[in-house]
Amino acid sequence: VSTQSTGILCLCRTLVMTSHGIAIGLKSKRGHRITPVPKRNKASNRKANRRSTSSKLVSEVIREVTGYAPYEKRVMELLKNNLDKRALRVAKRRLGSHQRGKRKREELAGALRQEALNKARQEAEKAKLQKEKEAKEAAAATKESKETKDKESK
């Protein structure tokens, strides 16, 4: 039980309205009660607001043509060197908010992962082609040696 400076008794978790209309009490209990408005689904959760495949394709083509901005290149360099916090700071300062910085950092980290994956695939294809080439050369060499042996034996 506590006494306010106006002399009105205020019990914990109760609402007391003063004669001059100022509500006293806990923040959640102040003011007059109303029926809560039912929450609607957020627009971000609706199917209509998901990106279509064509818009994804357009943004991929634009990214491929234009490349990365200088600050994005810097963030990617920092991510390559495992300086995630520093990369977040650079992105945050450039983009204006923490959330935007985190989103950009994740986007660029995903681009680096994809780039590394593509590079690994290309190297695997090169190795496979090299092995096939060596196998063909070895088969041709054995064929030639058999032919020369056959000629010598005749």
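A residue is termed buried when its relative accessible area is under 20%. The legends below describe a predicted model.

**Figure 1. Ala87, a buried residue of helix H3.** Ala87 belongs to helix H3. Its relative accessibility is 0%, and therefore Ala87 counts as buried. Beyond its neighbours within four places in sequence, Ala87 is in contact with Val75, Leu78, Leu79 and Arg105. Between the C-alpha atoms of Ala87 and Glu77 the distance is 8.5 Å, with a separation of 10 residues in sequence.

**Figure 2. The largest nonpolar core, with its 11 residues.** Ala87 is one of the members of this core, which also includes Val75, Met76, Leu78, Leu79, Val90 and Ala91. Leu108, Ala109, Ala111 and Leu112 belong to the core as well. Helices H2 (70–80), H3 (84–95) and H4 (98–153) are the elements that contribute two or more residues each. Leu79 is shown with its contacts outside the four places on either side in sequence: Asp84, Ala87, Arg105, Leu108, Ala109 and Leu112.

**Figure 3. Helix H3 and its buried face.** H3 has 12 residues, for which 1.5 Å a residue predicts a span of 16 Å; the end C-alpha atoms are 16 Å apart, in agreement with that value. Ala87, Leu88, Val90 and Ala91 are the buried residues of H3. Viewed down the helix axis, these residues fall within an arc of 165°, so they line one face of H3. An α-helix has 3.6 residues a turn, so residues three or four places apart point the same way. The buried residues of H3 pack against H2 and H4. On the face turned away from the buried side, H3 carries the exposed residues Lys85 and Arg93. Just after the helix, Gly96 adopts a positive phi of about 100°.

**Figure 4. Helix H1 and the glycine that follows.** H1 comprises residues 53–66, 14 residues in total. From its first C-alpha to its last, H1 reaches 20 Å, close to the 20 Å expected at 1.5 Å a residue. Gly67 follows H1 and has a positive phi, near 80°.

**Figure 5. The largest pocket, with a volume of about 620 Å³.** The lining consists of 16 residues, of which Glu60, Arg63, Tyr68, Glu107 and Ala111 are the closest to the pocket centre. Ala111 is also a member of the largest nonpolar core. At least two lining residues come from each of H1 and H4. H4 makes the greatest contribution to the lining, with 8 residues.

**Figure 6. Lys104, a lysine of helix H4.** Lys104 lies in helix H4. Its relative accessibility is 13%, and Lys104 therefore counts as buried. Apart from its neighbours within four places in sequence, Lys104 is in contact with Arg63, Tyr71, Glu72 and Leu95. Of these partners, Arg63 is also among the residues closest to the centre of the largest pocket.

**Figure 7. The protein chain as context for the close-up views.** The chain has 4 helices and 4 strands. From the N terminus on, these elements follow the order β-β-β-β-α-α-α-α. Of the 154 residues in the chain, 14% are buried. Among contacts between residues at least 6 apart in sequence, 23% join residues at least 24 apart.

Methods: Residues numbered from 1 in each chain as written. Predicted model: local features only at pLDDT ≥ 70, side-chain atom pairs only at ≥ 80, totals over all residues. Heavy atoms only, no water. Core = buried A, V, L, I, M, F, W, Y, C linked by side-chain atoms within 4.5 Å. Buried < 20%, exposed > 50% of the residue type's maximum accessible area, 1.4 Å probe, protein only. Contact = heavy atoms within 4.5 Å. Expected span 1.5 Å × (residues − 1). Arc of directions from axis to C-beta. 1 Å grid on protein atoms, 1.4 Å probe; cavity = no way out; pocket = protein on both sides within 12 Å on 5 of 7 lines; lining within 4 Å. Points joined across faces, edges and corners; volume = space filled by probe spheres on them.
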